[in-house]
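Colleague: I'm new to this one and would like to learn how to read it. Could you walk me through a few features?

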Amino acid sequence: MTSNEISFHGDELRDVYQAFLEFESDLSLFEWREDDIPLWERLRFSVYRLVLQASGVFDQPQDSIEKDTTDFLRGGYLWARNIVFRNPLFGDEHDLLVWGHQRRKQLDDGYWWDLYVDPVFEERPLDHQYIESDHNLTHHRPPKSSNVDYLDIITFTSTIYRKLMWRSERLISSRVTEIEKELKKRFGVDVDIGRLAYEELTDRRVYLPLYRRLLERVSPEIAFVVVGYGRETFIEACSEADIPVVELQHGTIDKYHLGYSFPGDREKQCAPDFLFTFGPVWTDGVELPVDEKDVFPIGYQYLEREYEQYQNTENREEIVFISQGTIGEQLSTLATELAEERQQDVTITYKLHPGEYNRWRTNYPWLLESNVNVVADGIELYELLSRASTQVGVYSTAVYEGLRFRTPTILMNTNGVSHMERLVAEYDIPVVSDVDQLQAALSSVEETRIDPELFFCDAPIKNFEHALALVRNQ
């Protein structure tokens, strides 16, 4: 099915997205203040995700902790340990402060890498302090990053504070009630806005003085964050200290991603000052909270390094499905159906997202009984993409990374594929709804002719240095 014919009829994302924007506008949510704090900009991404899940658009995106007593005690242990070990509040001064990505990947050297930060600082060892949140109540060791401090002393102080409070853990107001009623009316979902608002305000009350202390100790010229949304209080503290904040792209950016999309008159008060992207086209058509002049395409150093290693890999008759937790049930079913029809002439490989490693056997039991080759760890994603005859996915960042290897690409028409509508419209990527359409597409799909540098700039280290110099001079 070509881009001229595709209607994305299997995707409810666009309808829910539009309805959510109307909900925001009708209730003037960006004007909502509590204690003079613009609260909605801090809640909207989480609320939108809950609406998408409740509406059946997406499943659970990845593994998460249950927040039971055991988890609380584990968090308390991390908090106590962080008082004396890797405490960021007693650090030294550094030129840069980098809040990295907590989901690290262990590479062949045995170290756990932050793929968005470490490959850059390995090439250019700039003076910096690296800070890290826990990943599902753990920190992966040994980290590749140098000068690593943990944020447990800050994060879990707020958690402990809330546990010790005797009053009801939710904000009660007519505004909260109105929002909850409208969410139920429009989307059929019960969201405890009062609890989310209370937790956000409590976190801010606890975090802000601790972030101020952190910034006083490190005294950086510039602060980097790998994820900008969900870091509003940290950005607020940086703004108070006149420290510019740079966000490093870590995944897809498009208008349906409400961590980045603020269309119309929506304004975000606590947003990064600059955005370093993988390439020049990621922000096309997206109304960002960052000024266009402050967006710098730099590239993705880890991908470029891996491309150099795997670019000459010999192609195989292998179809690689790129999974992610939000659409894994539908995509894994399609992979199984294809394997039933093509048992001899091609290898069907199903590459799991890291968030699916621990639950795929329960969530996708049909894979266990199929001829599909299920891959968790053990084989590098880029090795699979470089050798694949075709990749099949929905909207994972890995699909775009496959374009770097010019891997022939097919998308599945299910919830979330609207994230790829620009890719489909401009580059005629086939989109299929069932195994018959997939078989037809496989017979004619060709190596992608998309210029990879549109999505991933060449020479990322050089670009990073140039962008960093511009930020320093502003």
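**Reading helix 2 and beyond**

Modeller: Let's begin with Leu43, which counts as buried at 4% relative accessibility. Buried means under 20% relative accessible area, exposed means over 50%, and partly exposed is in between, using a 1.4 Å probe and protein chains only. Before we go on, this is a predicted model, so local features need pLDDT of at least 70 and side-chain atom pairs count only at pLDDT 80 or more, while totals for chains, interfaces and linings use all residues. Residues are numbered from 1 along each chain as its sequence is written, and side-chain values use heavy atoms, with hydrogens and water left out.

Colleague: Where is the place of Leu43, and what does Leu43 touch?

Modeller: Look in helix 2 for Leu43. Helices are DSSP runs of H or I with at least four residues, strands are runs of E with at least two, and both are numbered from the N terminus. Contact means heavy atoms within 4.5 Å. Not counting residues up to four places away in sequence, Leu43 touches Trp32, Leu196, Ala197 and Glu200. Also, Leu43 and Gly230 are 187 residues apart along the chain, with their C-alpha atoms separated by 8.5 Å.

Colleague: At what angle do helix 2 and helix 7 pack?

Modeller: For this you need axes: lines fitted to C-alpha atoms, for helices over the stretch in contact, with angles running from 0 to 180 degrees between N-to-C directions. Helix 2 and helix 7 (residues 193-218) pack at about 145°, and their axes are 11 Å apart. Their crossing is right-handed. A crossing is left-handed if the near helix is turned anticlockwise from the far one by less than a right angle, and right-handed if clockwise.

Colleague: Which residues make that contact?

Modeller: From helix 2 come Arg42, Leu43, Val47 and Leu50, and from helix 7 come Ile193, Leu196, Ala197, Glu200 and Arg204. Those residues divide into 6 nonpolar, no polar and 3 charged. Here Ala, Val, Leu, Ile, Met, Phe, Trp, Tyr, Cys and Pro count as nonpolar, Asp, Glu, Lys and Arg as charged, and the others, Gly among them, as polar.

Colleague: Is Arg44 buried or exposed?

Modeller: Arg44 counts as buried, at 1% relative accessibility. This arginine lies in helix 2. Leaving out residues up to four places away in sequence, Arg44 touches Phe20, Leu21, Glu24, Phe30, Leu258, Ser261, Phe262 and Arg266. Arg49, also found in helix 2 (residues 40-54), is partly exposed with a relative accessible area of 40%. In space, Arg49 and His257 are 9.8 Å apart, C-alpha to C-alpha, and in sequence they are 208 residues apart.

Colleague: What about Val57, and where is its place?

Modeller: Val57 is in the loop between helix 2 and helix 3. Val57 is buried, with a relative accessible area of 0%. Its contacts, leaving aside neighbours within four places in sequence, are Glu12, Leu13, Val16, Leu52 and Asn415.

Colleague: How do helix 3 and helix 5 cross?

Modeller: The axes of helix 3 (residues 69-84) and helix 5 (residues 152-164) come within 9 Å and cross at roughly 130°. That makes helix 3 oblique to helix 5. Angles under 35 degrees count as roughly parallel, over 145 as roughly antiparallel, 65 to 115 as roughly perpendicular and the rest as oblique. Helix 3 passes helix 5 in a left-handed crossing. Among the residues making the contact are Phe72 and Trp79 of helix 3 and Phe156 and Ile160 of helix 5. The residues of this contact divide into 7 nonpolar, 4 polar and 2 charged.

Colleague: What does the side chain of Arg175 reach?

Modeller: The side chain of Arg175 reaches the backbone oxygen of Leu27 at 2.5 Å. Arg175 lies in helix 6 (residues 174-187) and is buried, with a relative accessible area of 19%.

Colleague: And the backbone: which residues does a cis peptide bond join?

Modeller: Arg141 and Pro142, with omega about 0°. Pro142 sits in the loop between strand 6 (128-132) and strand 7 (148-150). For phi, look at Asp35, which has a positive value of about 55° although it is not a glycine. Asp35 is found in the loop between strand 1 (33-34) and strand 2 (37-38), and is exposed with a relative accessible area of 62%.

Key. Polar contact = N/O pair within 3.5 Å; in protein donor to acceptor, adjacent residues only side chain to side chain.
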